[in-house]
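Dear colleague,

Please find below the sequence and the structure that I am handing over to you. I would be grateful if you could look at them alongside the notes that come after.

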Amino acid sequence: MRFTDVRHVQAPTREVWTALHDTDVLRMAIPGCERLSPVSAGRYSATLAARVGRLADTYRGTFAIDDTRPGSELVVSVDSRGRCGTLEVDLRVRLAEGHEPGTTALVYDARTRVGGLVARL
(Lines give C-alpha, C1' and ligand atoms only; values in the text may rest on other atoms or scores of the structure.)
Protein backbone atom coordinates (compact mmCIF):
# COMPACT_ATOMS: atom_id res chain seq x y z
CA MET A 1 0.00 0.00 0.00
CA ARG A 2 1.10 3.55 -0.59
CA PHE A 3 0.23 6.68 1.37
CA THR A 4 1.19 10.21 0.35
CA ASP A 5 0.22 13.52 1.90
CA VAL A 6 1.39 16.95 2.98
CA ARG A 7 1.03 18.07 6.60
CA HIS A 8 1.43 21.68 7.65
CA VAL A 9 3.24 22.08 10.95
CA GLN A 10 3.07 25.25 13.02
CA ALA A 11 6.82 25.36 13.68
CA PRO A 12 9.94 26.39 11.75
CA THR A 13 11.64 23.75 9.60
CA ARG A 14 14.68 23.59 11.90
CA GLU A 15 12.49 22.71 14.92
CA VAL A 16 10.53 20.09 12.96
CA TRP A 17 13.79 18.48 11.78
CA THR A 18 15.06 18.33 15.37
CA ALA A 19 11.75 16.82 16.57
CA LEU A 20 11.94 14.10 13.90
CA HIS A 21 15.19 12.93 15.53
CA ASP A 22 13.95 13.07 19.15
CA THR A 23 13.10 9.65 20.63
CA ASP A 24 10.31 10.97 22.88
CA VAL A 25 8.66 12.94 20.06
CA LEU A 26 8.89 9.94 17.72
CA ARG A 27 7.37 7.63 20.33
CA MET A 28 4.38 9.95 20.69
CA ALA A 29 4.00 10.56 16.94
CA ILE A 30 4.14 6.94 15.73
CA PRO A 31 0.67 5.35 15.88
CA GLY A 32 0.66 2.29 18.16
CA CYS A 33 4.24 2.81 19.34
CA GLU A 34 4.65 1.07 22.70
CA ARG A 35 8.44 1.20 22.89
CA LEU A 36 11.23 2.92 20.99
CA SER A 37 14.71 2.28 22.38
CA PRO A 38 17.86 3.75 20.80
CA VAL A 39 20.38 1.13 19.66
CA SER A 40 22.80 3.47 17.85
CA ALA A 41 22.64 6.80 16.01
CA GLY A 42 19.38 6.79 14.03
CA ARG A 43 18.64 3.14 14.87
CA TYR A 44 16.01 1.91 17.32
CA SER A 45 14.46 -1.26 18.64
CA ALA A 46 10.70 -0.81 18.38
CA THR A 47 7.46 -2.39 19.58
CA LEU A 48 4.28 -1.38 17.74
CA ALA A 49 0.68 -2.41 18.41
CA ALA A 50 -1.56 -2.61 15.36
CA ARG A 51 -5.11 -3.67 14.60
CA VAL A 52 -6.50 -4.74 11.24
CA GLY A 53 -10.22 -5.41 11.54
CA ARG A 54 -10.71 -7.81 14.44
CA LEU A 55 -7.07 -8.93 14.39
CA ALA A 56 -4.71 -7.20 16.83
CA ASP A 57 -1.01 -7.95 17.05
CA THR A 58 2.21 -6.61 18.51
CA TYR A 59 5.12 -6.15 16.12
CA ARG A 60 8.73 -6.08 17.28
CA GLY A 61 11.62 -5.05 15.09
CA THR A 62 13.84 -2.23 13.92
CA PHE A 63 13.16 1.43 13.18
CA ALA A 64 15.83 3.44 11.35
CA ILE A 65 16.17 7.07 10.27
CA ASP A 66 18.65 7.98 7.53
CA ASP A 67 19.25 11.61 6.64
CA THR A 68 19.45 11.85 2.85
CA ARG A 69 19.70 15.66 2.86
CA PRO A 70 20.34 16.82 6.41
CA GLY A 71 17.86 19.49 7.41
CA SER A 72 15.36 18.76 4.66
CA GLU A 73 15.00 15.08 3.65
CA LEU A 74 15.09 11.74 5.45
CA VAL A 75 14.08 8.13 5.02
CA VAL A 76 12.47 6.00 7.74
CA SER A 77 12.58 2.20 7.51
CA VAL A 78 10.60 -0.21 9.69
CA ASP A 79 11.08 -3.98 9.60
CA SER A 80 9.04 -5.90 12.17
CA ARG A 81 7.43 -9.22 12.94
CA GLY A 82 4.43 -10.26 15.00
CA ARG A 83 2.52 -13.48 15.74
CA CYS A 84 0.25 -12.94 12.73
CA GLY A 85 2.71 -11.66 10.14
CA THR A 86 5.23 -9.06 9.11
CA LEU A 87 5.15 -5.29 8.67
CA GLU A 88 7.62 -3.31 6.55
CA VAL A 89 7.49 0.44 5.96
CA ASP A 90 9.63 2.69 3.75
CA LEU A 91 8.83 6.34 4.41
CA ARG A 92 10.35 9.30 2.60
CA VAL A 93 9.95 12.69 4.27
CA ARG A 94 10.76 16.10 2.82
CA LEU A 95 10.54 19.36 4.74
CA ALA A 96 9.96 22.71 3.07
CA GLU A 97 9.14 26.21 4.23
CA GLY A 98 5.41 26.55 4.77
CA HIS A 99 3.11 29.10 3.18
CA GLU A 100 3.06 31.15 6.39
CA PRO A 101 6.22 32.46 8.08
CA GLY A 102 7.52 30.09 10.76
CA THR A 103 5.63 27.05 9.42
CA THR A 104 6.77 23.85 7.71
CA ALA A 105 5.28 21.71 4.96
CA LEU A 106 6.01 18.05 5.76
CA VAL A 107 5.64 16.01 2.58
CA TYR A 108 5.64 12.24 2.94
CA ASP A 109 5.46 9.19 0.72
CA ALA A 110 5.04 5.87 2.54
CA ARG A 111 5.08 2.38 1.11
CA THR A 112 3.96 -0.44 3.37
CA ARG A 113 4.07 -4.19 2.99
CA VAL A 114 2.35 -6.71 5.22
CA GLY A 115 2.74 -10.47 5.13
CA GLY A 116 1.26 -13.52 6.82
CA LEU A 117 -2.25 -13.87 8.18
CA VAL A 118 -2.76 -10.10 8.47
CA ALA A 119 -2.14 -9.71 4.70
CA ARG A 120 -5.12 -11.95 3.97
CA LEU A 121 -7.59 -9.65 5.71
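The model is predicted. Its chain has an average pLDDT of 93, and 99% of the residues reach at least 70. Helix α1 (residues 13-19) has the highest confidence, at 97, whereas strand β3 (residues 43-52) has the lowest, at a mean of 91.

The largest pocket has a volume of about 1,300 Å³. Its lining comprises 39 residues, of which A29, I30, P31, V89 and L91 are the closest to the centre. By class, 33 of the lining residues are nonpolar, two are polar and four are charged. Several elements each supply at least two residues of this lining, among them β1 (2-9), α1, α2 (23-29) and β3. Strand β7 makes the largest contribution to the lining, with six residues.

Strands β4 (55-69), β5 (73-82) and β6 (85-97) also each supply at least two lining residues, and their pairing may be of interest to you. β4 and β5 run antiparallel and are joined by nine bridges. Three residues lie between these two strands in their hairpin, where G71 adopts a positive phi near 95°. β5 also pairs with β6 in the antiparallel sense, over 10 bridges, and this hairpin has two residues between its strands.

Which residues stand opposite V75 of β5? On the one side D66 stands opposite V75, and in β6 the bridge partner of V75 is R92.

With kind regards

Technical notes: Residues are numbered from 1 along each chain as its sequence is written. This is a predicted model: local features need pLDDT of at least 70, side-chain atom pairs count only at pLDDT 80 or more; totals for chains, interfaces and linings use all residues. Side-chain values use heavy atoms; hydrogens and water are left out. pLDDT is the predictor's confidence in each residue, from 0 to 100. Helices (H or I, at least four residues) and strands (E, at least two) are DSSP runs, numbered from the N terminus. On a 1 Å grid over the protein atoms alone, a cavity is a set of points where a 1.4 Å probe fits but cannot get out, and a pocket is an open set with protein on both sides within 12 Å along at least five of seven lines; lining residues have an atom within 4 Å of a point. Grid points are joined across faces, edges and corners, and a volume is the space filled by probe spheres set on the points. Ala, Val, Leu, Ile, Met, Phe, Trp, Tyr, Cys and Pro count as nonpolar, Asp, Glu, Lys and Arg as charged, and the others, Gly among them, as polar. Two strands pair if DSSP finds at least two bridges between them.
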